[in-house]
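Here's a quick briefing to read alongside the model. Have a look at the fold first, then work through the points below.

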Amino acid sequence: MNNKNSADVVVIGAGINGSLLASRLAKAGKSVLMLESGPKLERDQLVERYRTSAFKSDFMSPYPYSPQAPHPRYTPEPNEYLDQVGPNAFHAQYIRMFGGTSWHWAAQLWRFLPNDFRQHSQYGVGKDWPIGYDDIEDYYYQAEVIAGVGGSPNNGSPRSKPFPMEAVPASYLQQRVTERLAPEFSVIDDSTGRNSRSYDGRPACCGNNNCMPICPIDAQYHGGLAAQEAVNSGVEVITEAVVYQLEHDDKGNIVAANYYDWNKVSHRVTGQTFVLASNAIETPKLLLMSVSDKFPNGIANSQDNVGRHLCDHPAIGITFDVDEEVWPGRGPVSPCSIGQFRDGDFRSEHAPFRIDISNSSKLASVTKEVLAEGYFGKKLQDEVRFRAARRMSLKNCLEQLPDRNNRVTLSDNKDALGLPTPAMFWNVLDTNDYVRKGTEKTREHYDAIAKKLGATNIKHSTEGKFKNRQHITGTLSMGLDPATSVTDQWGRAHDHENLFMVGTGVMPTVGTCNVTLTAMALALRTADKILQETQHG
């Protein structure tokens, strides 16, 4: 029986990956207790919070900020939760609440390419994974069925079964761009968990163009749905439970998790198996906080690898005005991409990348721009319409190589519960210029795309300024060698037999696409491994 003090499996973090794992274990008969540091709000509450927000441009505005379980925020003023100690700012944006960060996303659910798993053996750079594409291809499909994923089948990732969902019909912008960029650039549908028809009790996309920060009709999959499914499957969930320490026995097995409630009253829960499912920043923080005489550097950190190899996609962008009306803002915000630069022999020389084509409405940014230029009256109205109908923006999803110096550590700052906040060291430019060379190639293609679209008012992002894409990997990296990794091929900590980790942090490399689907597939695979080992428990 489930109770609030003990369970067969204790899962820390009620985001999309922990919830999928918890559901699978509970449906197989395991008692599962899931601890979530943040609160639980219903989707209608979140939609209303956004409607009434004074900061519509802040995509975090629907989501509650809690001093006891703080997350990074940057509007109206940065809260400096993440201590930036590296040469490049790592402005991670995640949500600590029931359902986790995938409440706030565009539901892009891409598979990695087969060569992404053998990067070093194929191209002599980066790392090989301890598993291959074939090891998780079926789990990719299982995750796609849960989320209702559709997309272009010719995206480079082999499939044994077709997408479970048809792609959402192409927006007008996508149709025009696809036609005008061919044949030099091949535009494909993004792989997304966005309904093109009724699916799993949710309606089809109606083109609100509000995928971020929250779909107002629930036409796309997200962690809130995964977490609720866990509850429906029999998982016991305690929210507002901030885990601050893992306990171990003399053999190094984890025996308990200690958490504070929001009144800073400490509680202790025990279990047979523990799964860390916070995220690629909060999970390393917990491991580093859990020091003992036996593990003075923290749990799972005997080789000083926890928090290291931090990767993301260091992005650059471009905006311009097309020579015809393409009307971004009609349909989903992220409908299509150019994926032909994701793989090839060039990867031994420079970073591969994917080019995202945005369809988000530019009305607010264009209006601000035109007002700043002094327009008013009828000229203001005409100029806003002219630019909003033509403004396009692109950004890349460029691979960064893992570097052990890029890392998450503990800062000297404390939150409201007296726990240390994360410190981030992120250096984008590596010694072999992998990122810089890939960035230069990206800019060349940006210029070629702009030329084919008759662009004017072209604005590249500032030279040397990169933005992370919130695709965080590497800090709990899986591998066969404990000297260079934190977890094994199943997500099990090398140092602790009964401690597993799920989420994007276990991914050794970041590839050229959004990382959530791979993490979902790995979480389902880890769940099956736990069931296999404990089926007689």
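Let's start with a helix pair: the axes of H1 (residues 16-27) and H11 (residues 516-534) come within 9 Å and cross at roughly 30 degrees. Angles under 35 degrees count as roughly parallel, so H1 is roughly parallel to H11. Keep in mind that this is a predicted model.

**The H1-H11 contact**
- The crossing of H1 and H11 is right-handed.
- From H1, the contact is made by Ile-16, Asn-17, Leu-20, Leu-21, Arg-24 and Leu-25.
- H11 brings in Thr-516, Ala-519, Met-520, Ala-523, Leu-524, Thr-526, Ala-527, Asp-528, Ile-530 and Leu-531.
- Sorted by type, the residues of the contact of H1 with H11 come out as 11 nonpolar, three polar and two charged.

**An open six-stranded sheet**
- Six strands make up an open sheet, in the order E4-E10-E11-E12-E9-E15, with antiparallel pairing.
- E4 (187-189) and E15 (456-460) sit at the edges with a single partner strand each, so one side of each has no neighbour in the sheet.
- On average, neighbouring strands of this sheet are turned by 25 degrees against each other, direction ignored.
- Three bridges hold the antiparallel pairing of E4 with E10 (residues 336-338), and Ile-188 has Ser-337 in E10 as its bridge partner.

**Helices lying across that sheet**
- H5 (residues 172-181) lies across E4, E10, E11 (353-357) and E12 (391-398), and runs at about 145 degrees to E4.
- H9 (residues 377-390) lies across E9 (317-321) and E12, and runs at about 35 degrees to E12.

- Thr-192 is found in the loop between E4 and H6 (223-232).
- Buried or exposed, then, is Thr-192? Its relative accessible area is 5%, and buried means under 20%, so Thr-192 is buried.
- Leaving aside residues up to four places away in sequence, Thr-192 touches Ala-106, Ala-107, Gln-108, Leu-109, Gly-148, Val-149, Gly-150 and Ser-334.

**Strand E1 and its partners**
- In E1 (residues 6-12), five of the seven residues are buried, so the strand is largely enclosed by the rest of the structure.
- E1 runs parallel to E8 (residues 266-276), joined to it by six bridges, and Val-9 stands opposite Thr-273 in E8.
- E1 also pairs with E2 (residues 32-35) in the parallel sense, over four bridges; here the bridge partner of Ile-12 is Leu-35 in E2.

Terms used
Residues are numbered from 1 along each chain as its sequence is written. This is a predicted model: local features need pLDDT of at least 70, side-chain atom pairs count only at pLDDT 80 or more; totals for chains, interfaces and linings use all residues. Side-chain values use heavy atoms; hydrogens and water are left out. Two strands pair if DSSP finds at least two bridges between them. Helices (H or I, at least four residues) and strands (E, at least two) are DSSP runs, numbered from the N terminus. Axes are lines fitted to C-alpha atoms, for helices over the stretch in contact, and angles run from 0 to 180 degrees between N-to-C directions. Contact means heavy atoms within 4.5 Å. Angles under 35 degrees count as roughly parallel, over 145 as roughly antiparallel, 65 to 115 as roughly perpendicular and the rest as oblique. A crossing is left-handed if the near helix is turned anticlockwise from the far one by less than a right angle, and right-handed if clockwise. Ala, Val, Leu, Ile, Met, Phe, Trp, Tyr, Cys and Pro count as nonpolar, Asp, Glu, Lys and Arg as charged, and the others, Gly among them, as polar. Buried means under 20% relative accessible area, exposed over 50%, partly exposed in between (1.4 Å probe, protein chains only).
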